Structure formats: C-alpha cells, structure tokens
Amino acid sequence: MPEFRTIDTGEVSLRCAIEGSGPLAIMVHGFPESWYSWRHQIGPVAGAGFTACAIDVRGYGGSDKPEPVDAYAMERLIGDLVGLADALSPGEPVVLIGHDWGAPIVWNSAFTRPDRFRAVAGLSVPFAGAPQRPFTEVFREAFTSRGRFFYQEYFQQPGVAEAEAEADPRAFVRRMMYSISGDVPEGDYWSKPAGATFLEGLPDVADPEGLPAWLNDADLSFYEGEFRASGFRGPLNRYRNHEADYEFLKAWAGRQLEQPCLFIGGSRDPATTLFGGVADPVAMMRMFAPRVEGHVLEGCGHWTQQERPQEVNALLIDWLKRL
C-alpha cells in the first residue's frame, strides 16, 4: 500500500498516495475519480525505479476544496503541480502522467513549465496545442445552438449538475463509468435534446453483480464514499473555466510541447477522437508535440488505466525506463 501524505503546494494542500524512491512521477486523475484511479499503476511505477505519487486533485477526496469557480482554472492547477514538484523533488525535473481532465492538466503543465516537467504522459485526451478559442464556443456552436445536449454545457450552471450527482453518488459514478467504457453495448446514448439531464438515457448495470470486471463493488464503494464526503462542486468547477483557460494559454499559441510525450487512448473512448473531430489522434498530436509516442487500445473505453491496467502498465513503464 502507498503511504498517504498531505502536501502543502503553496495555495492548497493535496492528499498524495506515494510509493517508491527515485525520480518523481506525479499521477493526475480526471472526473469523477480520485488518486484511487491509479491503484493499478502506483506499485508497478514504483517498482520501475520511480517515486510514484498519485494525487487527489484540488476539490476531490482528501485535498483542499476551495469554493470559488476560478479556484479551478488551469493556471491554478498547474501551480499545484509545480508546488508539489518543488515540495517532493526540489530542483529536479519531474515526470507527469494524467488521465481524462488530468491529461489536459499535465499536458499544459509540461507545455507552460518545461523547466519543471521533463516528460509527460496523457491517457484518453490527446494534446492539441494552445486553444484557438474557448471550448465553450466550440460546443455551443456544435451542440447547444442546434438544440442538442452536451454534457459540458449541462455542467456550466453551478448547482444543477451537483444536485443530480449528489442525489446518489454511487449511481452517478456507476452510470457515467459504464456508459463510456469498452463494456457498454454500441449505442448513441448521448444524442438527446438540450435541457435533458446528464443521466437521462444513459445505460446502467445491476449493482453489484452486473458491474464490469474492472469496476467491482469495492471500487465503486470507494468512489461513493469519497463523493459523499466531498460533494461535486469542486470537480464540476473545472468545467466552468474554459474562458479563463483560453485567456491564460493563448500566450503559448504557436508553440510546441517539446518534451518526450506518451499518449494512450481507447478506440471506444469519445475523448480520444475529441468527440469525433479527429480521425487519428496520434497524427494530430505530432503537429503539436513532435516527440510523442502514441497507442490506441482496441476496444478500450474511456477509463484507460482502469479498464486495461496490464497493457497500460507495459506501455507506460517501457516509456518511463527509456526517458
């Protein structure tokens, strides 16, 4: 089992699950997850000669949970990782590994702070350079203006998605995870009108006997306990910062992410193709991160390192050892 430490990163304190010794590798989870999302990676990465450090992102679990929306801007989250690197590995460049929202966080941390982060791996979400406009403009043009539901639009108004998720955190996490996993039957579950709720129309499984093999009763109970304690405001506030993120990141327009990069996606993960907008995410990434090594796991859904831990670990550790 890893050792749990609470680390002061300057603005907030983060709960960290730490194991091993050697160069620091920080693991950053997505929504709606936890340090626990890396439970299959912490030991193997430590065994490969690294200090594996899986965090609770601010707003989650045992980390601080500031209330304001702007406390979850990308600039602030990058600052958390810089502060954590300075606390655990002062003066030494660090490796970053992220999944889902954690992927943009680590991509942009390495992109904007190459002095602190020497290499970066992202799972599920590829890196597409500095944004050309706020993502809110993109999804409102493609979805909202056409009367179509898009989950990130639904997340924009504080309190709305929180109420739905907090009514039954276990069911929310279960249905979200199952609906974009590699186990869900083929189907267009997200085609619904603007004004629908998040869970409306999403498939479900019997709990616990119908859960997929990679998400058992104990796993789901852990997530449930975390979100019953923390709520969903902090996690959802991340989605409410697209305009602030654009204003921050536009200073890096036209630049490339120059460090060694690893991308691992899933062929059944909508985020891997940026919701159908990119046919070949690895080729797209090479325009913005020329040193990327990329892999798309056939049949894998969105929860990359949880659905396919052995494959992810083999690719990740091979890459880490070659840095």
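A residue is termed buried when its relative accessible area is under 20%. By this criterion, Met 74, Leu 77, Ile 78, Asp 80, Leu 81, Val 82, Gly 83, Leu 84 and Ala 85 of helix 2 are buried in the predicted model. Helix 2 spans residues 74-88, 15 residues in total. Its first and last C-alpha atoms lie 21 Å apart, close to the 21 Å expected at 1.5 Å a residue.

The chain as a whole comprises 13 helices and 8 strands. Its radius of gyration is 18 Å, close to the 20 Å given by the globule rule for 323 residues, so the chain is as compact as a globular protein of that length. Along the principal axes, the C-alpha atoms fill a box of roughly 50 × 45 × 40 Å. Of the 323 residues, 58% are buried. Among contacts with a separation of 6 or more, 75% are between residues 24 or more positions apart.

The accessible surface of the chain amounts to about 12,500 Å². Carbon and sulfur atoms contribute 51% of this surface. The chain carries 29 positive and 44 negative side chains. The centres of these two sets are 3 Å apart.

Gly 20 is located in the loop between strand 2 (13-19) and strand 3 (24-28). Gly 20 is partly exposed, at a relative accessible area of 46%. Beyond residues up to four places away in sequence, Gly 20 touches Ala 46, Phe 50 and Thr 51. Gly 294 lies 274 residues from Gly 20 along the chain, and the C-alpha atoms of the two are separated by 27 Å.

Technical notes:
Residues are numbered from 1 along each chain as its sequence is written. This is a predicted model: local features need pLDDT of at least 70, side-chain atom pairs count only at pLDDT 80 or more; totals for chains, interfaces and linings use all residues. Side-chain values use heavy atoms; hydrogens and water are left out. Helices (H or I, at least four residues) and strands (E, at least two) are DSSP runs, numbered from the N terminus. The radius of gyration is taken over C-alpha atoms; the globule rule is 2.2 Å times the number of residues to the power 0.38. Buried means under 20% relative accessible area, exposed over 50%, partly exposed in between (1.4 Å probe, protein chains only). Contact means heavy atoms within 4.5 Å. Accessible areas come from the Shrake-Rupley method with a 1.4 Å probe; for residues, only the protein chains shown count as cover. Lys and Arg count as positive and Asp and Glu as negative; His and the chain ends are not counted. The place of a charge is taken as NZ of Lys, CZ of Arg, CG of Asp or CD of Glu. The expected span of a helix is 1.5 Å times one less than its number of residues.
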